[in-house]
Amino acid sequence: MYFVILGTGMAYLHATSDNANGNAGVIMSLVWVQGVLCALCIYFIVTGCGWAGSGFGRLRWSALIWLSPAIIVLITMWAGLLPDLLSQPLSPIQSQTLMWLALTTAMIGFSEEAMFRGILLRGAMTVLSVPQAMILSATAFALLHMVSGLGGEPLHNGLQQLGFAFLVGLALAPVALRLGSLWPLVIWHGLWDMAVFASDAWGVLHHFALPGMFIQVLVGLWLWRAPFQDR
């Protein structure tokens, strides 16, 4: 259902969007799709295993060390982006874009983490081994990013997103289990997406972002030792 809602929304935006409206019009439309997806996730959580059983349990603060490469990358991205955002007064359309972008990416962070590293991962762990559940979660997370092709993305961009999202999914699944709570990932995910989209809109490049995330992937994959050793 999650894929159907997002795919339908992206296809509708591609068919009806007017390039003259710029990013603000697209973002303002996408926010309603994400609102529905957030509501869907909350429904599954409330009627299913509850917040704790869906990954929103007690945070293990010491486990944040496993997310530190991604946090450092995020800080450096915002450090590079903010000077451009603050260098001159924003136009009304830029202010509107940022407002809707912040709301949309916050909901993306919640819905994707709740669904793929919360509901799906924890649910799969009840019938599959932990490694199998993490692979399923990563695969579904990667396929989600292929849905962007319905929004007019070229095929090669979709395939690149597929591969990157699969690696990130493999890396973040064990981190999510170590943390005990998805809220750090929700916050990181939302701020990451906002930095990426805002940087694209303002023409800011982050040459260190992908190498930094590669380090996070290596850290996450190193954490796979424990699930396989426990089998």
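Is Trp 188 buried or exposed in this structure? With a relative accessibility of 6%, Trp 188 counts as buried, where buried means under 20% relative accessible area, exposed over 50% and partly exposed in between (1.4 Å probe, protein chains only). The model is a predicted one, in which local features need pLDDT of at least 70 and side-chain atom pairs count only at pLDDT 80 or more, while totals for chains, interfaces and linings use all residues. Residues are numbered from 1 along each chain as its sequence is written, and side-chain values use heavy atoms, with hydrogens and water left out.

The chain contains ten helices and zero strands; helices (H or I, at least four residues) and strands (E, at least two) are DSSP runs, numbered from the N terminus. In sequence order the pattern is α-α-α-α-α-α-α-α-α-α. Of the 231 residues, 45% count as buried. Contact here means heavy atoms within 4.5 Å. Among contacts between residues at least 6 apart in sequence, 84% join residues at least 24 apart.

A nonpolar core is defined as a set of buried Ala, Val, Leu, Ile, Met, Phe, Trp, Tyr and Cys residues joined through side-chain atoms within 4.5 Å. The largest such core has 53 residues, and Tyr 2 and Trp 192 have the most contacts inside it. Two or more residues of this core come from each of several helices, including H1 (2–16), H2 (22–47), H5 (92–124), H8 (183–202) and H9. Apart from this core lies another, of eight residues, among them Leu 121, Ala 133, Met 134 and Trp 224. When neighbours within four places in sequence are left aside, the contacts of Tyr 2 include Leu 37, Leu 40, Cys 41, Met 115, Phe 116 and Leu 144.

Helix H9 spans residues 209–222, which makes 14 residues. Its reach from first C-alpha to last is 20 Å, close to the 20 Å expected at 1.5 Å a residue, the expected span being 1.5 Å times one less than the number of residues. Ala 209, Gly 212, Met 213, Gln 216, Val 217 and Gly 220 are the buried residues of H9. These residues lie on the same side of H9 because they cover an arc of only 150 degrees around the axis, taken from the directions from the helix axis to the C-beta atoms.

Eleven aromatic pairs are found in the whole structure. Rings of Phe, Tyr and Trp (its six-membered ring) pair if their centres lie within 6.5 Å; planes under 30 degrees apart count as stacked, over 60 as edge-to-face and the rest as tilted. Tyr 43 and Phe 44 form a tilted pair, 6.0 Å centre to centre with 55 degrees between the planes. Tyr 43 is exposed at 51% relative accessible area, and Phe 44 is partly exposed at 31%. Trp 188 and Trp 192 form a stacked pair, 5.5 Å centre to centre with 25 degrees between the planes. Both residues lie in helix H8, four residues apart, about one turn of the helix. Trp 192 is buried, with a relative accessible area of 11%. Ring pairs also link Trp 51, Phe 56, Phe 110 and Trp 183 into a cluster.

With a disulfide taken as a pair of cysteine sulfur atoms within 2.5 Å, the count is zero. Cys 41 is in no disulfide, and the nearest cysteine sulfur, that of Cys 38, is 6.4 Å away. Cys 41 is buried, with a relative accessible area of 0%, whereas Cys 49 is exposed at 61%.
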